[in-house]
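We will go from stop to stop, and at each one you can pick out the residues as they are named.

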Amino acid sequence: MNNKIVYVVGTRPELIRSALLITYLKKDPEVEFKLVHTGQHYDYLMDKVFFNEFNLPEPDINLKVGSNSHAVQTASIMVSLEKYLLSVNPDLVVVFGDTNSSLAGALVAAKLKIPLAHIEAGCREWEMDMPEEINRRLIDHCSNLLYPVSKDGKINLLKENIKGKIFNYGDPLYEVFLQNYELSKNNNVVKELSIIKKGYFLLTTHRANNVDDLVKLQNLINDLGCFNDYKVIFPIHPRTREKIKSVPSINLKNLVIIDPVNYKDILQLISNSKLVITDSGGLQKEAYWLKIPCITLRSHTAWNETVKQKVNFLSSPEKFQLKDVIYDVLNNYKSIIKRFSIIKNPYKQVETNKRIVESLKKTNAQF
Ligand code: UD1
């Protein structure tokens with residue numbers, strides 16, 4: 001029995017995807033639960049807003065690492081987290097996904113010989129120049145318990161002869177999505193922005209490979225300018241806000257830049273949009289569940305199931321092909337929407353979050 005569990009979070013996606021796991025673990029009378037926030041994300045709209053929205057417990061400790069180079073960020077988390085884990089001496093450390101916070105949590109636990117669980121294990125994009133790809137591979141290889149969110153994730157892990165125990169219980173985000181979607185209908189973001197259903201594209205981009213290169217950013221903006229019949233609603237990530245200042249022709253008539261929004265607002269914005277254009281992993285799946293065609297600004301995606309089902313379309317920023325991909329999707333819009341009615345959701349299982357919690361508690365996590 002793993003009674004004392006330390007759960008490490010640091011960024012917006014970890015908070016959203018972990019919302020139910022944290023809630024259940026915190027409430028569980030058999031678990032002494034400790035929440036560590038690394039402080040990788042710190043802006044109110046990237047962090048606190050989700051604690052309020054999901055009623056999450058205050059972190060037991062905030063390492064306040066903030067922004068820095070990858071080495072400094074990862075190393076700073078490791079130094080502080082090692083002290084904390086030595087003082088708490090948990091039975092299990094849990095990390096989620098592929099951020100620098102998750103990697104730092106995994107390395108510290110592994111070196112201290114504390115069993116490690118990785119939620120959303122087995123994602124692969126086969127692009128080793130992505131920091132997230134490096135992180136997720138390393139985390140998987142030092143994890144004792146691994147929870148891929150679909151069959152493809154499990155297959156990836158088996159191919160790499162991963163040493164830990166693998167459990168495919170489905171995607172915890174799917175249940176967070178289901179709980180919040182109904183509630184999102186009461187929000188007012190679409191009304192407040194004075195936009196009309198299907199009259200806009202929803203854009204998000206923050207991956208370093210996309211936004212750190214001004215040529216790619218400029219090209220993205222130019223391509224979107226070709227679709228003047230549609231507004232482009234762009235909740236902007238802080239990284240992108242910084243970078244976009246150097247793009248000269250940002251004043252497109254149809255581009256509406258807004259602050260990052262909360263989870264229910266983003267679900268309302270997705271569900272009313274004509275099309276989602278994104279490099280976010282979560283948004284690809286939420287668009288898929290809401291039956292909205294998606295263009296992913298990458299040459300690979302970890303959610304390849306959605307691409308194989310021909311409702312998510314890759315547009316590699318290196319190939320400058322976004323305009324053509326948008327035209328293709330708009331020209332085939334009706335048949336893409338039809339396809340949604342026959343495809344099977346590979347991320348859905350029963351009681352995903354509850355089963356993961358039971359497994360975290362009960363599995364002997366020693367190698
Ligand atoms: C990180 C994750 C990525 C995840 C994303 C979600 C890594 C390697 N990447 O990328 O997997 O999809 O979070 O958002 O861990 N900043 C702020 N305020 C904040 C947070 C960040 O201003 O609250 C700015 C900083 O100036 C920083 C930049 O955003 O330089 C990038 O932040 P960083 O923590 O490096 O990663 P993300 O790009 O957010």
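Before the first selection, one term: buried means under 20% relative accessible area, exposed means over 50%, and partly exposed lies in between, with a 1.4 Å probe and protein chains only. This is a predicted model, in which local features need pLDDT of at least 70, side-chain atom pairs count only at pLDDT 80 or more, and totals for chains, interfaces and linings use all residues. Residues are numbered from 1 along each chain as its sequence is written, and side-chain values use heavy atoms, with hydrogens and water left out.

**Stop 1: two loop residues**

Select Asn-89, which counts as exposed at 55% relative accessibility. Asn-89 sits in the loop between helix 4 and strand 4; helices (H or I, at least four residues) and strands (E, at least two) are DSSP runs, numbered from the N terminus. Although Asn-89 is not a glycine, its phi is positive, at about 50 degrees.

Now pick Glu-120, in the loop between strand 5 and helix 6. Is Glu-120 buried or exposed? With a relative accessible area of 5%, Glu-120 is buried. Glu-120 is not a glycine either, and has a positive phi of about 70 degrees.

**Stop 2: helix 5**

How many of the residues of helix 5 are buried? The count is 9 of the 12, so helix 5 is largely enclosed by the rest of the structure. Among the buried ones are Asn-100, Leu-103, Gly-105 and Val-108. To see what they pack against, show strand 1 (4–9), helix 1 (12–17), helix 4 (70–88), strand 4 (92–96), strand 5 (116–119) and helix 6 (131–141); contact means heavy atoms within 4.5 Å. Just after helix 5, look for Lys-113, with a positive phi of about 60 degrees.

**Stop 3: the two domains**

Colour domain 1 (3–170 + 349–366) and domain 2 (180–340) separately; such bounds come from an automatic or database domain assignment. Taken over C-alpha atoms, the centres of domain 1 and domain 2 are 27 Å apart. Their contact takes 23 residues from domain 1 and 22 residues from domain 2.

**Stop 4**

Select Lys-165, in strand 7 (residues 165–166). Lys-165 is partly exposed, with a relative accessible area of 35%. Not counting residues up to four places away in sequence, Lys-165 touches Asn-144, Leu-145, Leu-146, Thr-363, Asn-364 and Gln-366.

Then go to Thr-204, in strand 8 (residues 200–204). Thr-204 is buried, with a relative accessible area of 10%. Leaving aside neighbours within four places in sequence, the contacts of Thr-204 include Phe-234, Pro-235, Ile-277 and Leu-297. Thr-204 and Lys-165 are 39 residues apart along the chain, and 35 Å separate their C-alpha atoms.

**Stop 5: the cavities**

How many cavities of 30 Å³ or more does the structure hold? There are 2. On a 1 Å grid over the protein atoms alone, a cavity is a set of points where a 1.4 Å probe fits but cannot get out, and lining residues have an atom within 4 Å of a point. Grid points are joined across faces, edges and corners, and a volume is the space filled by probe spheres set on the points.

The largest cavity has a volume of about 140 Å³. Of its 15 lining residues, select the closest to its centre: Asn-210, Lys-216, Leu-220, Leu-297 and Pro-317. Helix 11 gives the most to this lining, with 5 residues.

The second largest cavity has a volume of about 50 Å³. Residues to select around it include Ala-121, Cys-123, Val-149, Asp-152, Trp-303 and Glu-305. Helix 7 (residues 151–159) gives the most to the lining of the second largest cavity, with 3 residues. With your domain colours still on, you can see that this lining draws at least three residues from each of domain 1 and domain 2.

Technical notes
On a 1 Å grid over the protein atoms alone, a cavity is a set of points where a 1.4 Å probe fits but cannot get out, and a pocket is an open set with protein on both sides within 12 Å along at least five of seven lines; lining residues have an atom within 4 Å of a point.
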